[in-house]
Amino acid sequence: MAKKEPKAESSYSHIANKKLRTELNRHAAQASRAKALQEDAEMLLTNDAGKIEVEGEMERTWRIGQDEIAAGAGQEAARGRREWKLDGGPYRSRYTRNGRHLAVAGRTGHVATFDWLTGTLHSELQLQETCRDITFLHDHSHYAVAQKKYVFIYDRDGVELHCLKSHIEPTRLEFLPYHWLLASVGNSGYLKYQDTSTGQLLVEHRTKLGACTAMTQNIHNAVIHLGHQNGCVTLWTPNLPHPAVQLLAHMGPVLSVSVDPSQGGRYMATAGRDGTVKVWDCRNWKGAVRDWTLRSGGDVELEWSARGALAVASGGGVNIYTRPSIQTPVHTKTPPPLYLTHPIPNRPLTSVRFAPFQDILTIGHAAGLSSIIVPGAGEPNFDSSEADPFENRKARREKEVKALLDKIQPDSITLDPEMMGSLAPPSKLTTKTVDGKDLEVPFARLSRLERLKVSGKADETEEISDDEVDEQGKPLSKDEKERRKQRGRNKSLKRYLRKQRKNVIDPAAVAIRRKLEKQRADKIKARIEAKNGGELRTASALDRFKQ
């Protein structure tokens, strides 16, 4: 018996437009169907993420060394424990999205890309100049290097393809895969976005905070996080010329920033020159969730794994912390319980990178690279349509074309990605009567007095002068008011009242209005007396002093 597809409940029956109602119901049905299929697909995820477990209460996981972990792990997992001794250090590293290929860049100009699982070398360059960072683009066939003066793009064989001269003295690079954007920040303090599909420079933002050496991206909303020398952390999007969020994170320069990918980008970790590590909640920014002081000084590097493990490299070693301890608020500045530690004597430690879909952490230092095993750090199940570690050349080409067709516009990058696809808020419409008909007029198109009446701030004692209405009592248009002003019919007192007219009850204005009403009543009384046979006395300038 075939399984019936879930039927989405119609919640758009109040929408009068039939075409729009049908489209929204169709989207709701697709969302409910995708949710049901995702629940069914969870049965196929046979691999589970494990962690180190101790037998007694007095035992600790951080006392277990890498030799003991490699001996207890399987043969395939033990291959991740490696040491690369290189002479061009200190090194920075970067993995592809599927975790199969690794790119390294030394400070002195040694650049190499290779398949770390099979040991196949793709390219190796000796650039003979300073290299500060490296990153892959959409796949391992292209990579970008932040060199001494500009950003250079190379292909898989190490052939130079482009020189991006608009990116001057870059220090950090990030690639946004769903938008095909290469973001860079440098010593000049400019954040620049380069569209790698069209080759044009999309936008450049002046941070106004000096040189920047800490940069990362939130993979869930494509927002760039920058750490500055004055202790501030700023969040940037291509469509805003100013930071979307700016907070004072440390009392000194920010050395490293990282965002947790395991919980939708909710948590961010920062490390500063003041020797503290802080974990922030990106939903409210009301203060650090947890912070602690490091025992060793020097530069600090941070990195979150796909399962929420935080690696902190400082001094002569790397410490790994796991959730929920690093996300639990504590009033004291005590460090969270330690999961693993690994000493590395080769200082300084310049980069830490978790391999996707692997329990492996790669540390870059002055003597090369070191890979250690961190059980439970990697995501055990992968989506082959998103990132396939075992893809062949044909699958890679098809994936590249599909990603280019599904490219997302940079204007859609926001702090809240759930905003996309939601209904627009109802507009402020007010009912206005024109020629006996009720019309829905936007609030912004109402006249000043009508807007004040709708908002309840109008002065009821204020009346429209005779020069602002026509013979039928309707308000005049702006052009008609300008024409009447040029006729010279306005009295000086009315002109004074018009300039002094306010939205509050002014005692001086009320007194002048009463005086005008009294003068108008006296004129009417004089006309009546003249009509009844009385003498029409001409007004004198001394009448104003009479009671």
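## A briefing on this predicted protein chain

In the protein chain, among contacts (heavy atoms within 4.5 Å) between residues at least 6 apart in sequence, 45% link residues at least 24 apart. This is a predicted model, in which local features need pLDDT of at least 70 and side-chain atom pairs count only at pLDDT 80 or more, while totals for chains, interfaces and linings use all residues. Residues are numbered from 1 along each chain as its sequence is written, and side-chain values use heavy atoms, with hydrogens and water left out.

**The chain as a whole**

- Eight helices and 30 strands are found in the protein chain; helices (H or I, at least four residues) and strands (E, at least two) are DSSP runs, numbered from the N terminus.
- Of the 547 residues, 40% are buried, where buried means under 20% relative accessible area, exposed over 50%, and partly exposed in between, with a 1.4 Å probe and protein chains only.

**Nonpolar cores**

- In soluble globular proteins, nonpolar side chains tend to be buried together.
- The largest nonpolar core has 26 residues, and L191, Y193, I224 and L226 touch the most other members. A nonpolar core is a set of buried Ala, Val, Leu, Ile, Met, Phe, Trp, Tyr and Cys residues joined through side-chain atoms within 4.5 Å.
- Two or more residues of this core come from each of β11 (181–186), β12 (190–195), β14, β15, β16 (232–236), β17 (245–248) and β18 (254–259).
- Another core, of 20 residues, lies apart from it; A311, I320, L349 and I363 are among its members.
- Leaving aside neighbours within four places in sequence, I224 is in contact with residues including L191, Y193, M215 and W236.

- I52 sits in the loop between α1 (18–41) and α2 (66–72), and I52 counts as buried because its relative accessibility is 17%.
- In sequence I52 and L340 are 288 residues apart, yet in space they are 9.4 Å apart, C-alpha to C-alpha.
- Beyond its neighbours within four places in sequence, I52 is in contact with T61, I64, I69, Y339, L340 and P375.

**Backbone details to look for in loops**

- A cis peptide bond runs from G89 to P90, with omega near 0°, and P90 lies in the loop between β1 (82–85) and β2 (91–95).
- R323 and P324 are also joined by a cis peptide bond, with omega about 5°; P324 is in the loop between β24 (317–321) and β25 (340–343).
- A222 is not a glycine, but its phi is positive, near 60°. A222 lies in the loop between β14 (212–218) and β15 (223–228) and is buried, at 6% relative accessible area.
- F357, which is not a glycine, has a positive phi of about 60°. F357 is in the loop between β26 (349–354) and β27 (360–365) and is partly exposed, at 25% relative accessibility.

**An enclosed space**

- The count comes to one cavity of 30 Å³ or more. On a 1 Å grid over the protein atoms alone, a cavity is a set of points where a 1.4 Å probe fits but cannot get out, and lining residues have an atom within 4 Å of a point.
- The largest cavity holds about 40 Å³ of space, and its lining is made of H167, I168, S184, V185, G186, S188, Y190 and K192.
- β11 gives the largest share of that lining, three residues.

Note on methods: 1 Å grid on protein atoms, 1.4 Å probe; cavity = no way out; pocket = protein on both sides within 12 Å on 5 of 7 lines; lining within 4 Å. Points joined across faces, edges and corners; volume = space filled by probe spheres on them.
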